[in-house]
Structure formats: C-alpha cells, structure tokens
Amino acid sequence: MLAPYDTNVTIFGTLSSKPWNYTVHIKEGESYEYKLPISLRMEKSKYRQNGIQILSTRDISVFCLNQQGYRQAADGYLALPTNTLGLVYVAASYQPYSTSYRANIAVISAHNNNTIIVLPNKNAVIYYRGLWYDDSTSLLYITLVLEKLEALYISGSSDLSGTIVIASKPVTVISGVDYARILGSSDFLEAFLLPVSSWGYEYILTTVGAMDKNQGDIFRIFAYENNTVVESGYWTKMLSSGAYTELILQKNLTSFVKCSNPCQVVQYVRRHYIGGKYADPSMIVLPSTSQFLSYYRVILPRGSEYHDSITIMIQNEDIEGLYMNGLKLNGLRWERINGTNYVWTVVSLSDPNTVTVYHTSSAVKFGLLVFGWNNGVSYAYSGGFGLHNNANGKVLYWW
C-alpha cells in the first residue's frame, strides 16, 4: 500500500464467520506491506468464499503480490477502488499446464444482495459445487446471490477466457491460472480485471524488462459487443460478444490495437533471460491510451530481491518533459512504434521501494508498466489507470 498523504488504513475480513481487522498508520509518501494469512487463500473445493476490504482515511494505491512459495512462482496486480468497479466483466485466462492445474475466476461482491450470473465460454470445463461441467452437460450459466465481501469462486481445467460475469451491483473480478503454459514456459498468472464500462478503444503494445529481446509478447483482445472490428499493425478482424483474438509479436516487439467498440487488451509476457536472470511469464491488463496518466508513483514490492524495470510509452514530441524521482530522464534509448506517433523505452531500476515518474505538463499523458523478476519468479502490472465510463451503462443480455 502506498500513501501520498498521512492516512490510517484498516484491512477487514470475515473468515469462517469471525470478523477480523488490522489497522495501521502510514506516513505521507511511505509504503506499507501487509502479509495476509495463508488461510485466506481461496480453496478449490468451495464455491462460496470470503474476500477482504481495505479502508483508508485518505486516498491510497494498493498493489497485490501473490507468491506461490512451494513452486517459486508469482504474479501481481494493481487493485482498483470500489468507485471504479462495474457490473459486467469478460474474463482473461489461459490454458492450464495440465489437468492437475486450474484456471480461476473470483467474483467478490462490494454490496449486499448482489445477484451474480456467470456465462462460461462455450469450451469451458468447469468445477462448480463439487461437480464438473462442460459443453455436454446441462449447466448453461451459474447464478448466485452474494452478500458484501462474499466471493463466488469458479475453477476450470480449460482456458476460461471469454467467460462473462454480470452482476446486479458492483463487483471485483480477479482472474488467473495456477500454472499456465505460454509458448513453452510456465508460471502462475493473476490479474485484476477492468469492467466493460472502463474499456477503451486504442492501445499501445510493447514488452517489459528489456528492449533487445528477439521475440515479443502475446496479446489477447476481447470484445463485449457484437461486430467489434479490431485493427492491429498486422491485420483487421471482427469479434462477436465474449470472443477474443490473439496477436503474437515476434522480432518487432511493438504494435497497436484500435477497436470500433470498447475492447479489453491483456498482455501475456513470455519467458525471457534478462540481465543474467530468467523472467517467467506474467499477465497484465493494459490501459487504453485514453487511460494514460501524467503522474505515476508505483511500488516495487521486493526491492533488492528482484530486478525491476519500467516500460514507458509516450508520444514522440513529449519525451523532453519526463522526470523520474525528481531528475530529468536523459540519454534514454527511444524506439518508434510503427503506425503510431508513440515511442517506447525501458528503464532499469536499482533497488528502490517506490518510483515516481511524471511529465512537467499535466496535459501530457503517457503509459507505464512495471515489471520485476528473479530466477523465474516475476510480476507485472500497469502503473495506473485514468478510469472513466465508455459504455454508458450498456448491458447486453442473451436469456
């Protein structure tokens, strides 16, 4: 947790119907790490579980690092405040390594008496309420009423990408995979999803960690509205509701995506050997260009334990006004992104706990991704989102 101002923070939860809370005071400009008890991990045998709530007296940012110690795997995400949650989500997932592992979706209610409906993708193989379901069974959708901080947990032995979650009141949706195989390498993946109402139209695609890789990353572009036209630097495709298409970048590490209707873009970072250490796959929900910010202050959760870097995407004419930790960013290697006015760079960091990057003009917006790795363990997340509603409350129904 990172506090730009002095604030009191309370972490509250209900575990086995017994409430618990922890309160701490965080000083202005400082970060604080709290390790949640292992008993709060969601259990695959239970479909109804519990979430936690974080309350603060002033604005804070919250980064979550989920580390699977027994397998030396990790991933992380930037959590969103409750006033940015939504009613409709499309899950981003990946194929589990084997039938021993699961793709997972957690839907956590921010309100009481919240009706949740989950429409699995057509190829989903799901474990729910002690039974397995696939396209040969009668389970067409899942419905459940949740109270505040209750969570619906669904796991599957298949890729759950394209599964749609609809709620009557705002919810948090977290998606991930126990152990996913991505182009020959495997790791734990996890991401905090954006609601459909916060999706954008245009995205800039880059990589993380280093600029001299011989292969780029994998990007999935998701649609919620039918007849969504998706244009990249390589092709144009049309998507139906709940569908996605995949772009795998090779030697050209960058590209762009433009959608006729709001879309969601998720980056799957390939395994790479960077700075003498392996960086295993990670999963990032990307901000659209309309969600870029002029100021970022981000957390690096492991300090000297990890190699850390940031990736910056900015329009070419604006690079002179960039500063990091109060010093002008000079002498960087900037590469153009074909088909756009944007350039990108990667900045390696030397063991800080937090990093501040900003532009001297608040009118200039740029994107920032954070990446950390050490001998196969890695995390990645977007440095921030300027969120606003693009869908005007539109919800599509099929039943």
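This is a predicted model: local features need pLDDT of at least 70, side-chain atom pairs count only at pLDDT 80 or more; totals for chains, interfaces and linings use all residues.
Student: Hi! Can we start with the strands? Which strands make up the open sheet, and in what order?

Tutor: Happy to! The open sheet has five strands in the order S29-S30-S26-S32-S33, with antiparallel pairing. At its edges are S29 (335–336) and S33, each of which pairs on one side only.

Student: How many bridges join S32 and S33?

Tutor: Six bridges, in the antiparallel sense. One of the contacts has Leu369 with Ser382 of S33 as its bridge partner. The hairpin of these strands has two residues between them, and Asn375 takes a positive phi near 50° there.

Student: And what about S26 and S32, how many bridges there?

Tutor: Seven, again in the antiparallel sense. For Met313, the bridge partner in S32 is Gly367.

Student: Back to S33. Is it buried or exposed?

Tutor: Six of the six residues of S33 (residues 377–382) are buried, so the strand is largely enclosed by the rest of the structure. Val377, Tyr379 and Tyr381 point one way, while Ser378, Ala380 and Ser382 point the other way.

Student: New topic: which charged residue sits over the ring of Tyr5?

Tutor: That would be Arg58, whose charged end is 4.3 Å from the ring centre. Elsewhere, Lys237 lies over the face of Trp235, at 4.5 Å from the ring centre.

Student: OK, salt bridges. How many does the structure hold?

Tutor: Seven. Side chains of opposite charge can pair when their charged atoms come close. In one of them, Asp159 and Arg220 meet at 2.8 Å, N to O. This pair links distant parts of the chain, 61 residues apart: Asp159 is in the loop between S13 (150–156) and S14 (164–182), and Arg220 is in S17 (residues 218–223).

Student: Why does Arg220 count as buried?

Tutor: Because its relative accessibility is 5%, and buried means under 20%. Asp159 is buried as well, at 14%.

Student: How far apart are the closest N and O atoms of Asp280 and Arg271?

Tutor: They are 2.5 Å apart, in a salt bridge. Asp280 is buried at 10% relative accessibility, whereas Arg271 is partly exposed at 38%.

Student: One last thing: which residue forms a salt bridge with Glu320?

Tutor: Lys328, with the closest N and O atoms 3.4 Å apart. Glu320 is exposed, with a relative accessible area of 53%, and Lys328 is partly exposed at 35%.

Notes
Residues are numbered from 1 along each chain as its sequence is written. Side-chain values use heavy atoms; hydrogens and water are left out. A charge sits over a ring if NZ of Lys or CZ of Arg is within 6 Å of the ring centre and within 35 degrees of the ring normal. Buried means under 20% relative accessible area, exposed over 50%, partly exposed in between (1.4 Å probe, protein chains only). Helices (H or I, at least four residues) and strands (E, at least two) are DSSP runs, numbered from the N terminus. Two strands pair if DSSP finds at least two bridges between them. A salt bridge is a side-chain nitrogen of Lys or Arg within 4 Å of a carboxyl oxygen of Asp or Glu.
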